[in-house]
Amino acid sequence: MKLSKRQEQIIAVVKEHQPVSGERISDILAVSRATLRSDLSFLTLSGILKASPKVGYTYESDNMEAFFFFDVFQTKVQEIMSPPLMVAQDTSIRDAITNLFMYDVGSLYVMDEAKELLGVLSRKDLLRASLNAVCMTRVAHVKTCTPEFTILEAADTLQKYEVDSLPVVEKENPKKVIGKITKTKILTYITQQAKEAAQNR
């Protein structure tokens, strides 16, 4: 398995100073906590580091489980994303609700005439529709990802902004939706990969 340069630096700092807080790691490497968040999440989830509340990070090991999780979390979004369910901006609330239940999805992507993203319509948004307000989350507030995101980066974004799905957009045109990635899709993929790895031992 190949770690990024920053991940290797984090491990070196933890080995030397353990137990060490995230804030201390940030100070030693001279980078912000926000910048380190995804790397620390990955190293913790993969079992290389252990995070203990009020204690800090400690080094565990480069075990086989860590290798497996590294490979899984490096999977690109484009490999597991689902086709997006898109609707026009003049779709009625009734039809939107029908689409949500007919296709068993948690959100719809609202498009303009040029098929570019205007906003996201979720189940929560449709509940707000009963107040006779504009119910979709407008594009300025929509969190997206590109096909090149790893599923760890996508999962971190989903968790950070507490959303159920991310539109997958073209890198060159962030309003052109080509797929979607959800919490359920990521969890299902990780579970399937773990089962297959266990069966192949």
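This is a predicted model: local features need pLDDT of at least 70, side-chain atom pairs count only at pLDDT 80 or more; totals for chains, interfaces and linings use all residues.
Colleague: What makes β1 and β2 a pair of strands?

Modeller: Two strands pair if DSSP finds at least two bridges between them. Strand β1 (residues 49–52) and strand β2 (residues 56–59) have 4 bridges, in the antiparallel sense. Within the pair, Leu49 stands opposite Tyr59 of β2.

Colleague: How many residues lie between β1 and β2 in the hairpin, and what is the phi of Lys54?

Modeller: There are 3 residues between β1 and β2. Lys54, in the turn, has a positive phi of about 65°.

Colleague: Why are α3 and α8 called roughly perpendicular?

Modeller: Angles of 65 to 115 degrees count as roughly perpendicular. Helix α3 (residues 33–45) and helix α8 (residues 151–161) pack at about 110°, with axes 10 Å apart. The two helices are therefore roughly perpendicular to each other. The crossing of α3 past α8 is right-handed.

Colleague: Which residues make the contact between α3 and α8?

Modeller: From α3 they are Arg37, Ser38, Ser41, Phe42 and Leu45. From α8 they are Leu152, Asp156 and Lys160.

Colleague: What makes 3 residues of that contact nonpolar?

Modeller: Leu and Phe are among the types that count as nonpolar, and the contact includes Phe42, Leu45 and Leu152. The division is 3 nonpolar, 2 polar and 3 charged.

Colleague: What percentage of the chain counts as buried?

Modeller: The cut-off for buried is under 20% relative accessible area. Of the 201 residues of the chain, 38% count as buried. The chain has 9 helices and 8 strands.

Definitions and conventions. Residues are numbered from 1 along each chain as its sequence is written. Side-chain values use heavy atoms; hydrogens and water are left out. Axes are lines fitted to C-alpha atoms, for helices over the stretch in contact, and angles run from 0 to 180 degrees between N-to-C directions. Angles under 35 degrees count as roughly parallel, over 145 as roughly antiparallel, 65 to 115 as roughly perpendicular and the rest as oblique. A crossing is left-handed if the near helix is turned anticlockwise from the far one by less than a right angle, and right-handed if clockwise. Contact means heavy atoms within 4.5 Å. Buried means under 20% relative accessible area, exposed over 50%, partly exposed in between (1.4 Å probe, protein chains only).
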